Amino acid sequence: MILVTGAGGNVGRAVAALLPDARPLDRRSGADLARPDTLTEALQDVETVFLIWPFLTSDGAGATLAKIAEHARRVVYLSSSAVRFGADTDPITRLHADLEAAVRGSGLDWTILRADTFASNALGWAGQLRAGDTVRGPDSAATAVIDPADVAASAVRLLTDPRPGTTQTVTGPEVLARADQVAILGAALGRQLTFEPTPYDEARAQLTADGRPAALVEALIGSAERRPRSDLITTTVQDLTGRPARGFRAWADRNAAFFS
Ligand SMILES: NC(=O)c1ccc[n+]([C@@H]2O[C@H](COP(=O)([O-])OP(=O)(O)OC[C@H]3O[C@@H](n4cnc5c(N)ncnc54)[C@H](OP(=O)(O)O)[C@@H]3O)[C@@H](O)[C@H]2O)c1
């Protein structure tokens with residue numbers, strides 16, 4: 001049995017769809033990754049856990065992993081490709097580096113799947129794009145944005161064909177700045193869209209107005225300020241899934257309805 005955490009989210013939902021026999025972690029039944037004692041039932045007969053850590057602090061991760069290790073043998077943890085820049089780069093990178101260390105020290109057979117920035121982060125622009133043709137926000141450095149469906153397909157390969165003790169880094173096929181993403185999204189929507197980089201104070205207000213909680217806003221501003229451009233493009237999606245990584249345009253085409 002494979003337990004899929006985050007099964008309502010961008011990646012976990014796609015993992016669960018590709019693995020119909022797997023068990024999605026159902027929060028409606030009271031299961032909470034931050035409260036290990038609530039996970040006992042979900043972990044019954046589980047051999048492998050697909051783990052996402054949806055919090056902004058690593059506090060409690062050790063206890064949750066200890067609980068998983070009481071039942072399961074293996075874990076595939078979804079991390080961030082930014083960890084290669086060093087844990088001190090920004091708070092979100094620190095979080096993923098800390099989780100990786102906890103996973104490696106958990107006693108479980110581990111595989112770490114480091115993913116580049118998700119294409120689905122663009123969903124956060126939906127409010128602005130329903131109201132107009134301009135996206136305002138912090139000008140985060142360019143990176144090889146990845147389709148969460150490709151992250152999920154890569155994860156499924158690692159869950160079903162284990163490569164224990166390895167760290168796999170998946171990226172999209174092209175390095176895109178925020179302005180590039182907005183232009184590509186515009187082409188998919190049949191609209192002329194513009195990206196307007198904003199100073200961090202203004203960006204903070206915009207991210208808050210877009211509906212993000214305060215701690216997440218600070219973490220995103222920290223990443224925008226401090227994370228460097230990434231030119232890394234790997235063939236890992238192709239190696240793991242047999243298909244090349246999809247571009248941002250394909251993701252935008254599939255999700256166009258969300259923006260109007
Ligand atoms: N975004 C990026 O660019 C990026 C890049 C690299 C790595 N990552 C990593 O990928 C992870 C998954 O991203 P995503 O976009 O798929 O996530 P997401 O869409 O934000 O979904 C988060 C999931 O976590 C679940 N969740 C929230 N609180 C929980 C709790 N207390 N106990 C159990 N489950 C809980 C949610 O459940 P409900 O559906 O019930 O609310 C949801 O299914 C992130 O956490 C991050 O560590 C992200």
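Two strands pair if DSSP finds at least two bridges between them. Keep that in mind for the sheet. Helices (H or I, at least four residues) and strands (E, at least two) are DSSP runs, numbered from the N terminus.

Now, the ground rules. This is a predicted model: local features need pLDDT of at least 70, side-chain atom pairs count only at pLDDT 80 or more, and totals for chains, interfaces and linings use all residues. Residue numbers start from 1 along each chain, as its sequence is written.

First, the sheet. An open sheet of 6 strands runs in the order β2-β1-β3-β4-β5-β7, and the pairing is parallel. Its edge strands are β2 (23-24) and β7 (166-170), each pairing on one side only. β7 pairs with β5 (residues 109-115) in the parallel sense, over 5 bridges.

Contact here means C-beta atoms, placed from the backbone, within 7 Å.

Next, the ligand. Which residues come nearest? Of the 23 residues around the ligand, they are Gly6, Gly8, Gly9, Asn10 and Pro54. A residue counts as near if its C-beta atom, placed from the backbone, lies within 6 Å. Elements giving two or more residues to this shell are α1 (10-18) and β4. α1 gives the most, with 3 residues.

On to helix α7 (residues 200-209). Ala203, Gln206 and Leu207 are buried there. Buried means 20 or more other C-beta atoms within 10 Å of the residue's own; exposed means 12 or fewer; partly exposed is in between; C-beta atoms are placed from the backbone. Down the axis of α7, the buried residues fall within an arc of 100 degrees, so they line one face of the helix. That arc is of the directions from the helix axis to the C-beta atoms. The face turned away carries the exposed residues Asp201 and Ala209. The cover over the buried residues of α7 includes β6 (134-137) and α8 (214-226). Just after α7, Gly211 takes a positive phi of about 105 degrees.

Last, a loop. Asp45 lies between β2 and β3 (48-51). Asp45 is not a glycine, yet has a positive phi of about 65 degrees. Is Asp45 buried or exposed? Exposed, with 9 other C-beta atoms within 10 Å.

Notes
Contact = placed C-beta atoms within 7 Å.
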